[in-house]
Amino acid sequence: MTGKPTAYRFKNMRKTAIVATAWTGAIAALGLSAHSLRADHALRCERCMAEDAYFLQQAPVGDRFDLSKVNLSYMTQGYGSPHVNESVDGHPLTIAKTVYATGVGTHAVSTLMINLNKTVSSFHALVGVDDETNGKGAVVFQVWADGHLKYTSGVMRAGDPAKPVDVDLTGVKSVALLVNAGAAGIDFDHADWADAYFTLTPNHDGLPQAASVPVEPPRMVVPPINPLPEIHGAPIVGATPHYPFLFRVPATGIGPLHYHAKGLPAGLKINSSTGIISGSLPHNGRWDVTLLVNGKRGHTQRRLVIVGGRHKLALTPPMGWNSWNVWAGAVDQQKMLASAQAMISSGLAAHGYQYVNIDDTWEGPRNKAGFITTNHKFPNMKQLGDDIHQLGLKFGIYSSPGPTTCAGYPASYRHELQDAESYASWGVDYLKYDWCSYQGVAVGTGTEYYALPYWIMRKSLDSVNRDILFSFCQYGMGDVWKWGARAGGNCWRTTGDINDSWGSLIGIINAQAPIGQYNGPGHWNDPDMLVVGDVGWGHPHPSHLTPNEQLTHISMWCMFSAPLLVGCDMTNLSPFTKAILTNDEVLAIDQDPMGKTAKRVVYNPQEQVWVRPLADGSHAVALMNTGFQPLKVTATWKQLGLSGHLKARDLWLHKNVGTHMRAIGYVVPPHGVVLLKLWR
Ligand code: GLA
């Protein structure tokens with residue numbers, strides 16, 4: 001018998017504790033001692049352990065042990081769940097018209113690690129894209145043995161005949177089965193491991209057993225709270241003259257804090273005890289404002305640029321919260337208000353988070369005049385808007401250009417202007433507009449087919465006296481990044497829905513690589529809302545991402561200049577979740593006013609390196625380990641396009657790490673990241 005997966009995970013934690021000595025001390029501040037990490041994971045995996053016991057009873061047939069007999073709940077994938085003897089959408093496994101009776105249907109990016117402990121001599125399969133995609137999708141299958149690539153299929157497209165996989169695994173301890181995207185994006189990447197099985201060694205002692213990526217302490221420290229005042233958040237904000245202006249100065253430090261501003265345009269005032277700037281701008285223009293904050297222990301000041309003009313929203317990516325990833329249909333007015341209040345009480349607002357956005361399922365039927373109403377969960381939308389604004393925060397809402405929303409509620413089709421008017425009357429500041437049922441009524445060809453419904457709503461929003469940030473949600477169709485800004489979008493989703501699995505995360509990260517250049521102030525690629533903290537689409541659970549995967553998630557979203565919409569239960573933030581959401585040095589990368597997105601300069605199945613220039617002349621660099629073992633990831637100046645003696649700072653360790661001449665490299669935990677700033 002092989003050891004239990006929990007034992008395996010504990011063993012790995014002990015091993016990496018050595019690597020981690022520099023920062024393990026400080027993780028205690030997160031309530032994340034190695035012990036509690038283990039306990040937390042064990043708790044989360046009680047079900048996996050019961051399942052493991054079940055799967056260990058699975059008898060092999062002769063010396064053949066089917067892949068479907070390992071515990072597939074350890075397989076992570078970008079969409080859906082793994083299916084035994086079926087495709088990911090539940091059809092018979094079919095590659096190029098050949099149907100296979102056995103195997104596993106999954107979806108890129110898919111990863112499964114299996115401990116063999118020398119019970120196996122080989123692995124066999126027939127692989128390909130499942131016919132259910134109707135000609136779409138492209139994937140690459142890979143088999144890794146003890147960290148070495150043993151098989152790669154090359155890019156396989158829908159319709160390609162199945163390719164045979166025959167890998168010798170004699171003496172191998174663990175094998176990883178990967179399916180990566182074969183082209184930009186992961187849509188339709190339905191991948192079949194057909195007729196997949198291991199050949200067992202004679203007299204094998206135990207059976208292959210699936211395992212999760214080793215859970216290691218997050219590579220970060222939480223710095224002691226700075227008692228001195230500090231100002232955070234967007235360094236530049238814009239608004240239309242004469243429309244309501246609202247900005248809460250994000251500041252930390254031992255209070256009570258007192259706020260002042262020098263150089264505010266006429267028409268704006270700052271509340272000295274809350275830091276809320278309100279009023280309206282007098283005309284188009286640009287004001288260099290100095291914000292001043294006094295605290296008990298000292299004072300600080302920082303520049304805030306205020307831009308007056310039409311369509312000047314989202315000059316840095318929006319930061320806030322959205323209800324979907326935690327509540328889905330269980331959202332209601334009370335939960336929204338509680339989330340807004342928690343944004344203040346948890347301290348997130350003091351680090352720059354400001355939007356509080358309802359997602360789907362608030363909608364009621366239209367009244368006789370054709371205006372949308374709210375359903376019983378939202379008794380008073382105007383009141384909710386007022387309550388959120390009272391806190392100095394901004395209010396977001398959701399609809400679809402089609403007749404119904406994704407969840408089947410009434411949407412804006414042929415009521416766009418009326419809806420824009422309702423939103424304005426409720427005080428809405430942000431609209432997420434989700435394609436969904438529009439598919440059934442779409443007209444036109446080419447870009448017009450995709451852009452028209454967004455353009456219509458843009459015109460409708462432009463005809464009300466309120467600034468409403470416009471967020472497109474149509475999953476990247478028609479290369480939205482190429483025309484989204486022209487159609488009036490402030491941000492646009494680039495992929496399908498995120499979930500709290502590594503497969504989803506890495507698939508979305510990979511999908512951002514070719515489209516970074518379309519980002520810029522006022523218009524941003526949106527790789528979807530965050531899945532750290534308690535998420536669960538109506539059934540909240542701690543994110544299934546490991547702590548290091550969560551660091552990768554936050555780091556990369558900041559490297560991408562992504563909208564940062566927290567997706568978890570705001571009223572129940574663990575110290576760890578709070579810490580990763582409030583690292584000001586990391587958030588400053590996201591909010592960098594230049595808005596130049598990271599480029600990927602190293603990419604192989606085990607590691608990635610990304611670099612982005614920042615407004616102050618420095619560069620942010622992310623070293624990612626996408627493999628299953630700790631790995632030294634190195635970036636050379638040549639790869640980064642840099643030169644000379646550069647100083648470096650580790651942004652999760654909050655530490656300057658010396659001057660470097662030609663390269664910089666660190667051991668990175670599995671699925672983790674090292675985020676650096678380099679400057680001359
Ligand atoms: C789509 C979107 C999600 C969410 C749901 C709501 O799936 O991509 O982000 O808004 O609809 O129904």
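## Backbone exceptions in loops

In this predicted model, Pro-256 sits in the loop that runs between strand S18 (251–252) and strand S19 (258–262), and the peptide bond that joins Gly-255 to Pro-256 is cis, with omega at about 5 degrees. A cis peptide bond also joins Ala-108 and Val-109, here with omega at about -10 degrees, and Val-109 belongs to the loop between strand S5 (103–107) and strand S6 (110–115).

Ala-96, although not a glycine, has a positive phi of about 45 degrees; its place is in the loop between strand S3 (93–95) and strand S4 (98–100). These features deserve a careful look on the model because most residues other than glycine have a negative phi, and most peptide bonds are trans.

## The ligand and its surroundings

The ligand is surrounded by 13 residues, of which the closest are Asp-359, Asp-360, Lys-432, Asp-434 and Asp-497. Sorted by class, this shell consists of seven nonpolar and six charged residues, with no polar ones.

Rolling a probe the size of a water molecule over the atoms shows where empty space is left. In this model the count comes to three cavities of 30 Å³ or more, and the largest cavity holds about 50 Å³ of space.

The lining of the largest cavity is made up of Asn-322, Tyr-430, Lys-432, Ser-471, Arg-493, Asp-526, Asp-528, Met-529 and Leu-565, which by class gives three nonpolar, two polar and four charged residues. Lys-432, named here in the cavity lining, is also listed among the residues closest to the ligand.

## The disulfide

The structure holds one disulfide, formed by Cys-406 and Cys-436 with their sulfur atoms 1.6 Å apart. The link of Cys-406 and Cys-436 is right-handed, with 105 degrees about the S-S bond.

This pair connects distant parts of the chain, 30 residues apart. Cys-406 is in the loop between strand S28 (394–399) and helix H8 (416–426), whereas Cys-436 is in the loop between strand S29 (430–434) and helix H9 (446–462).

Technical notes: Residues numbered from 1 in each chain as written. Predicted model: local features only at pLDDT ≥ 70, side-chain atom pairs only at ≥ 80, totals over all residues. Heavy atoms only, no water. Near = heavy atom within 4 Å. Nonpolar A, V, L, I, M, F, W, Y, C, P; charged D, E, K, R; others polar. 1 Å grid on protein atoms, 1.4 Å probe; cavity = no way out; pocket = protein on both sides within 12 Å on 5 of 7 lines; lining within 4 Å. Points joined across faces, edges and corners; volume = space filled by probe spheres on them. Disulfide = S-S within 2.5 Å. Helix = DSSP H or I, 4+ residues; strand = E, 2+ residues; numbered from the N terminus.
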